Each structure stands twice: as C-alpha cells, then as structure tokens.
Amino acid sequence: LDLPCGAFDVAWVIAHRTCDGAEAAVPSAGVQFPASAVDATRELGGGFAKNTVGGVIAKSAASVGESNQLLAGSETDPEGADAAQQGRTKRARVCDPQDPHSLLTGSVVGREELLQHA
C-alpha cells in the first residue's frame, strides 16, 4: 500500500488465554510517519529488511541545517517549514530510533504510552 501521506505505525496487542485458547487482539493508536522518511527508508540499501523508518527519522532529527529536510515542513513539524523557508538553521533534536513517536507527536505520547493504552 503506497500512501502519499506516509504510513501509520500501529502496534497490535494480542492476548491468548491458554486454558481455552480464546484470543483477543487490540490495536494501538496510530502515529503518522512522514512520507519522506518512509521513502528514504525504502531506498536505503536493504530497504525495510535492514532499516527502520524510526532510524531514518532519528538520523534526520539529529542532523542540522540543509540535511534536515525529512521532517522540515512536514505536518509533524510545521515550524520546520518556516525555518527552512527563512533560511534559519534548526537545532538538532534528540530522537530514539525505537521511539520516534515522541518526536512526531511533540512529546505528547511515546511508544510505551501507545502500547499501554492499547
């Protein structure tokens, strides 16, 4: 599925009751990943088999200036568009490759919280 808006990262929590085999599955809330980060991951050597979109987002967030274009101007970073248009250098941001959700939601919710609420 190739969405122009990127992709949504959704986790599934599956509970299995061993005494009778009953199962239940519940999805977490989804967090939108920028299309540019999904595309960049797809194009890396090894694609999704060897790289994660979270890793690409973390690397982009850590970069400064012109090379930080994956997130600049995305819906998840509207201030990036303004800074990029005005030629200002943005400060590097810290992002855990395993938890880009915190960065993408402006520290509103992280991966752990998404899983806890599923």
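Mentor: Start with a term: two residues are in contact when heavy atoms of theirs lie within 4.5 Å. Keep in mind that the model is predicted.

Trainee: With which residues is Phe33 in contact, leaving aside its neighbours within four places in sequence?

Mentor: Phe33 is in contact with Cys5, Gly6, Ala7, Asp9, Val38, Val53, Ile57, Pro100, His101 and Leu104.

Trainee: What is the overall layout of the chain, from the N terminus on?

Mentor: The elements run β-β-β-β-α-α-α-α-α-α, which gives six helices and four strands. The chain has 118 residues, and 28% of them count as buried. Its accessible surface comes to about 7,600 Å², and carbon and sulfur atoms hold 53% of that.

Trainee: Why is Thr41 called buried?

Mentor: Buried means under 20% relative accessible area. Thr41 has a relative accessible area of 0%, so Thr41 is buried. Thr41 lies in helix 1. Leaving aside neighbours within four places in sequence, Thr41 is in contact with Gly47, Phe48, Asn51, Thr52, Val53 and Val56.

Trainee: What makes Lys59 exposed?

Mentor: Exposed means over 50% relative accessible area. Lys59 is at 68%, so Lys59 counts as exposed. Lys59 lies in helix 3.

Trainee: Why is helix 3 said to be largely enclosed by the rest of the structure?

Mentor: Seven of the ten residues of helix 3, residues 53-62, are buried, so helix 3 is described as largely enclosed. The buried ones are Val53, Gly54, Val56, Ile57, Ala58, Ser60 and Ala61. They pack against strand 4 (31-33), helix 1 (35-43), helix 2 (47-50) and helix 5.

Trainee: What makes a set of residues a nonpolar core?

Mentor: The members must be buried residues of the listed nonpolar kinds, joined through side-chain atoms within 4.5 Å. The largest such core here has 13 residues, and Phe33, Val53, Ile57 and Cys95 have the most contacts inside it. Helix 3 supplies the largest share of this core, five residues. In soluble globular proteins, nonpolar side chains tend to be buried together.

Trainee: Why is Leu115 called partly exposed?

Mentor: Partly exposed is the range between the two cut-offs, 20% and 50%. Leu115 is at 38% relative accessibility, so Leu115 counts as partly exposed. Leu115 lies in helix 6. Leaving aside neighbours within four places in sequence, Leu115 is in contact with Ala11 and Val13. Leu115 and Ala29 are 86 residues apart in sequence and 8.4 Å apart in space, C-alpha to C-alpha.

Trainee: How do you know that Glu23 is exposed?

Mentor: The relative accessible area of Glu23 is 59%, so Glu23 is exposed, given that the label needs over 50%. Glu23 is in strand 3, residues 23-27. Leaving aside neighbours within four places in sequence, Glu23 is in contact with Ala15 and His16.

Trainee: What is Ser107, buried or exposed?

Mentor: Ser107 is at 64% relative accessibility, so Ser107 counts as exposed. Its place is in the loop between helix 5 and helix 6. Phi of Ser107 is near 65 degrees, a positive value in a residue other than glycine.

Trainee: How much space lies in the largest pocket?

Mentor: About 230 Å³ of space lies there. The largest pocket is lined by 14 residues, and those closest to its centre are Asp9, Gln98, Pro100, His101 and Arg111. Helix 5 (100-104) and helix 6 (111-116) each supply at least two residues of the lining, and helix 6 gives the largest share, three residues.

Trainee: What makes a residue count as lining the pocket?

Mentor: A lining residue has an atom within 4 Å of a point of the pocket. By class, the lining has seven nonpolar, five polar and two charged residues.

Trainee: What share of the contacts in the chain between residues at least 6 apart in sequence join residues at least 24 apart?

Mentor: That share is 49%.

Key. Residues numbered from 1 in each chain as written. Predicted model: local features only at pLDDT ≥ 70, side-chain atom pairs only at ≥ 80, totals over all residues. Heavy atoms only, no water. 1 Å grid on protein atoms, 1.4 Å probe; cavity = no way out; pocket = protein on both sides within 12 Å on 5 of 7 lines; lining within 4 Å. Points joined across faces, edges and corners; volume = space filled by probe spheres on them. Nonpolar A, V, L, I, M, F, W, Y, C, P; charged D, E, K, R; others polar. Buried < 20%, exposed > 50% of the residue type's maximum accessible area, 1.4 Å probe, protein only. Areas by Shrake-Rupley, 256 points an atom, 1.4 Å probe, with all protein chains shown as cover.
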